[in-house]
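Me: I have a sequence and a structure to look at, and I'd like to know what the words used for it rest on. Can we go through it bit by bit?

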Amino acid sequence: MRTWLFKTEPNVFSIRDLRDAPDQMTGWDGVRNYQARNRLRDEIQDGDRVLIYHSRGRNPSIVGEAQVVSGPYPDPTQFKHDHPGFDPRSSEAMPRWFQVDLRFVVLYQTPLSLADMREVPEFADMELLVHPRLSIQHITDRQYQQIIARCEPELAARSPLIPAFS
């Protein structure tokens, strides 16, 4: 199992939206960056852990966890002419953009802010600090352990559908 960080704008789709979705699950659509797409398509696997990062607002922060619950599949929004994610160069025979399904796991008791991450030497090599614009980023096991030590996920409400990661 690998750990990823998925960035989202909380006013568009927040971790609470994921928690409140039917079965606490949704397709993670709308990725329109080739490096992020390649990770979705080629690296991310069913069962991987995802940290949800709210990228906008007064205090950008890692706010909780989700789990990948599907393999990659074509993002259907790329084919919808009336959708902002429509891509006229994409076809069902040759899709350009992919997504995976996520299920809510936990909302952190103590979110980890970007400002706080910048103060921690162990995060100096974190993609979020080195390549901040990328919407899907790899998190090392060392970084994940540092994150959960600061976010108190055991104190937060967990999804009854997914057990705690071990």
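**Talking it through**

Me: Which strand does Y73 lie in?
Reply: Y73 lies in strand β5. A strand here is a DSSP run of E with at least two residues, a helix is a run of H or I with at least four residues, and both are numbered from the N terminus. Bear in mind that this is a predicted model, where local features need pLDDT of at least 70, side-chain atom pairs count only at pLDDT 80 or more, and totals for chains, interfaces and linings use all residues. Residues are numbered from 1 along each chain as its sequence is written, and side-chain values use heavy atoms, with hydrogens and water left out.

Me: Why is Y73 called partly exposed?
Reply: Buried means under 20% relative accessible area, exposed means over 50%, and partly exposed is in between (1.4 Å probe, protein chains only). Y73 has 27% relative accessibility, so it counts as partly exposed.

Me: What does Y73 touch, leaving out residues up to four places away in sequence?
Reply: Y73 touches G27, W97, F98, Q99, V100 and D101. Contact means heavy atoms within 4.5 Å. As for D101, its C-alpha atom is separated from that of Y73 by 9.1 Å, and the two are 28 residues apart along the chain.

Me: What makes D87 buried?
Reply: The relative accessible area of D87 is 4%, so D87 is buried. You'll find D87 in the loop between β5 (73–74) and β6 (98–99). Not counting residues up to four places away in sequence, D87 touches Q78, R96 and W97.

Me: And Y34: buried, partly exposed or exposed?
Reply: Partly exposed, because Y34 has 37% relative accessibility. Y34 sits in helix α2 (residues 34–42). Apart from neighbours within four places in sequence, Y34 is in contact with R89, R96 and W97. Y34 and H138 are 15 Å apart in space, C-alpha to C-alpha, and 104 residues apart in sequence.

Me: Why is Y108 called buried?
Reply: Because Y108 has a relative accessible area of 4%. Y108 belongs to strand β7 (residues 101–113). The C-alpha atoms of Y108 and I148 are separated by 8.7 Å, with the two residues 40 apart along the chain.

Me: What makes E152 partly exposed?
Reply: E152 has a relative accessible area of 35%, so E152 is partly exposed. The place to look is the segment after α5 (141–151). E152 touches Q109 and T110, not counting residues up to four places away in sequence.

Me: Now the whole protein. How many helices and strands are there?
Reply: There are 5 helices and 8 strands. Along the sequence the pattern runs β-α-β-α-β-β-β-β-β-α-α-β-α.

Me: How do you know that the protein is as compact as a globular protein of that length?
Reply: The radius of gyration is taken over C-alpha atoms, and the globule rule is 2.2 Å times the number of residues to the power 0.38. That rule gives 15 Å for 166 residues and the protein has 16 Å, which is close, so it is as compact as a globular protein of that length. Of the 166 residues, 46% count as buried.

Me: Which contacts are between residues 24 or more positions apart?
Reply: Such pairs account for 74% of the contacts in the protein with a separation of 6 or more.
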